[in-house]
Amino acid sequence: MSKPPRSKPLLQDADVPARSKPRRRRDPAQPNLLLDPMPRRVEPCLALLKPRPPHGDRWSAEIKWDGYRIAVHIEPQGIRILTKKGHDWTTRFPAIEAAARQLGVSSAILDGEAVMYDELGRSDFNLLQASLGGRGGKRSSNAVCMAFDLLYLDGHDIRKAELRVRRHLLDDLIKDRQGAIHFSEDIEGDPDAIFRAADEHGLEGIVYKDRDRPYRSGRLGDWLKVKCIASDAFFIVGYEPSLGAYGGFASLLLAARQNGDLRYVGSVGTGFKERDAAQLRKLMDRILWKRKAPPVPYGGKRRVTWLQPTLIAEVAYRGWTSDQKLRHSSYKGLREVQDDATVYEIGSDME
């Protein structure tokens, strides 16, 4: 029997061992999957403000939650909870972090809102702020995440899928689980009736979302918000002293942005709790305005202690007067530049 022919040598120098091209080392921050790379951060999809609800079968409706927008990243190396601006607040929401560890997935990104509830079951920004200790960076063990979107799941980037698909996967992921991550349910019914019911129950508003759209970062109109009670961020530029009021002030003077400058938009004198007012006064005493001219043009006759425009207040209000001053305003709490403190800009729909 003849011997099988010997294989031909490789087309290379005989004395040099054959080598394959070296493989690029895997990024340890990525899941060990030959699938889609996991984003370190996703710019959030933002809702565009509208005066009335949209109509049509493609729009779904959800409660507009009154808290901090967060993204929960479940990664092979651990959990990260990021704010709207991308700051890591994992340690500030220990219950949400613990719930994320129990979801049983190797990788995921959940989009949602960190909230706390009042005695009527409504989300309350003031309670959340008090739980977090104001601007001190404390932990809130009672905050929960109302999750309303899923952007990444077990190695798959699903942002290009329709909203209806993403929310179906999100519901399957977190339903029937105990913990501090809850599913933000759709509200069925006529869009106008839903909004009226939200107004009657004292909710902040309703968010309407196009079920057929992918997840797109920015304020592009895929999500729309209709507010029952407006709530926005404003600079605190001064206060009106009062010996008989909490914190020694009767009201805060507020400013918004306009064409690169600051414009006085009125004051807020309600909504303060004794402890919050005392803490706020301590902060204000550190940022007194040293110049002769006030930080904003002001033609009023109040006795005002002016401040450097660095503190940002979240204020609820019922609209604007004819001279562009806030109407029926109420203080909700301090915002932090590092979360989602976008100061209101006159002439803009931005929060």
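In which helix do arginine 101 and glutamate 97 both lie? Both are in helix H1, which spans residues 94–101. They sit four residues apart, about one turn of the helix. This is a predicted model.

**Strand S6 and its partners**

- Strand S6 covers residues 144–153 and is mostly covered, with 10 of its 10 residues buried.
- Strand S5, residues 108–115, pairs with S6 in the antiparallel sense. Eight bridges join S5 and S6.
- In this pairing, valine 115 stands opposite valine 144 of S6.
- Strand S8, residues 181–183, pairs with S6 in the parallel sense. Three bridges hold this pairing.
- Alanine 147 has phenylalanine 183 in S8 as its bridge partner.
- Strand S7, residues 156–157, runs antiparallel to S6, and two bridges join them.
- Tyrosine 152 has aspartate 157 in S7 as its bridge partner.
- S6 and S7 form a hairpin with two residues between the strands. There, aspartate 154 takes a positive phi near 45 degrees.
- In a regular strand, side chains alternate between the two faces of the sheet.

**The largest pocket**

- A probe the size of a water molecule, rolled over the atoms, shows where empty space is left.
- The largest pocket has a volume of about 440 Å³.
- It is lined by 22 residues. The closest to its centre are Asp66, Ser123, Asp124, Gly202 and Lys332.
- What kinds of residue line the largest pocket? Nine are charged, seven are nonpolar and six are polar.

**Salt bridges across the chain**

- Side chains of opposite charge can pair when their charged atoms come close.
- The whole structure holds 21 salt bridges.
- One of them joins glutamate 204 to lysine 64. Their closest N and O atoms are 3.4 Å apart.
- This pair links distant parts of the chain, 140 residues apart. Glutamate 204 is in the loop between helix H4 (191–200) and strand S9 (205–210). Lysine 64 is in the loop between strand S2 (59–63) and strand S3 (68–75).
- Are these two partners buried or exposed? Glutamate 204 is buried, and lysine 64 is buried too.

- Arginine 101 and glutamate 97 of helix H1 meet in a salt bridge, at 2.9 Å from N to O.
- Why does glutamate 97 count as buried? Its relative accessible area is 18%, and buried means under 20%.
- Arginine 159 forms a salt bridge with aspartate 157. Their closest N and O atoms are 2.6 Å apart.
- Arginine 159 counts as partly exposed because its relative accessibility is 24%. Aspartate 157 counts as partly exposed because its relative accessibility is 26%.
- Elsewhere, salt bridges that share partners join Glu62, Arg167, Asp186 and Lys209 into one network.

Key: Residues are numbered from 1 along each chain as its sequence is written. This is a predicted model: local features need pLDDT of at least 70, side-chain atom pairs count only at pLDDT 80 or more; totals for chains, interfaces and linings use all residues. Side-chain values use heavy atoms; hydrogens and water are left out. Buried means under 20% relative accessible area, exposed over 50%, partly exposed in between (1.4 Å probe, protein chains only). Two strands pair if DSSP finds at least two bridges between them. On a 1 Å grid over the protein atoms alone, a cavity is a set of points where a 1.4 Å probe fits but cannot get out, and a pocket is an open set with protein on both sides within 12 Å along at least five of seven lines; lining residues have an atom within 4 Å of a point. Grid points are joined across faces, edges and corners, and a volume is the space filled by probe spheres set on the points. Ala, Val, Leu, Ile, Met, Phe, Trp, Tyr, Cys and Pro count as nonpolar, Asp, Glu, Lys and Arg as charged, and the others, Gly among them, as polar. A salt bridge is a side-chain nitrogen of Lys or Arg within 4 Å of a carboxyl oxygen of Asp or Glu.
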